[in-house]
2 protein chains.
Amino acid sequence: MQVTIVHIKVLPQFIDSFVEACRLNHNASVRESGNLRFDVLQSAEDPQVFVLYEAYANESQAAQHKQTAHYRQWRDTVADWMAEPRLGVPYHGLFPA
Amino acid sequence: MQVTIVHIKVLPQFIDSFVEACRLNHNASVRESGNLRFDVLQSAEDPQVFVLYEAYANESQAAQHKQTAHYRQWRDTVADWMAEPRLGVPYHGLFPA
């Protein structure tokens, strides 16, 4: 399992729009081949702070996500709504094996 | 869905032991009532860096995890293996709803 944890801080006036864009991205991403999780999280401490937790069965399928129309639409839609550049951190999943 | 992302940095000489302790914790935690994910991740960039991604259906079930024997055993076993104090960050899961 290959996981990317994406850390995002959204400008306050775009929070609702960002959540809706992530809903659409979530709904399409969980239908991708090899997708295991596509969780959209909001910080319990700061409503501007979000995490996308994206897990795929292997690296090839994780990379393929960035070629999809729904990813590109999400990326372009939310580009101007962020308070700072987003940060994606890659991990290897150990368990579940 | 309530999620805690726990960030952990392990001393190099304890990495293998830490992975084994997390395997036992994972195997028991996924059997808890309300557990939705208990993913154990290792950074793709730094083998000392781990994440536990713990998701429960609600806050009560998330809190109950810390009362279990397997959590307490994990906590006590790994206490002296960390390079710095671990950090747990709470999130509300938006999607999946």
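The model is predicted: local features need pLDDT of at least 70, side-chain atom pairs count only at pLDDT 80 or more, and totals for chains, interfaces and linings use all residues. Residues are numbered from 1 along each chain as its sequence is written, and chains are lettered from A and ligands numbered from 1 in the order in which they are written.

**Interface**
- Chain B gives 22 residues to the contact and chain A gives 21 residues (contact: C-beta atoms, placed from the backbone, within 7 Å).
- On the chain B side, at least two residues each come from β1 (2-9), α1 (15-29), β2 (35-43), β3 (49-56) and β4 (87-95) (DSSP runs numbered from the N terminus: helices H or I, at least four residues; strands E, at least two).
- The copies meet through the same surface, because 95% of the interface residues of chain B are also interface residues in chain A.

**Strand pairing across the chains**
- Strand β2 (residues 35-43) of chain A runs antiparallel to β4(B), joined by four bridges (pairing requires at least two DSSP bridges).
- A:V40 has B:F95 as its bridge partner in β4(B).

Conventions
Contact = placed C-beta atoms within 7 Å.
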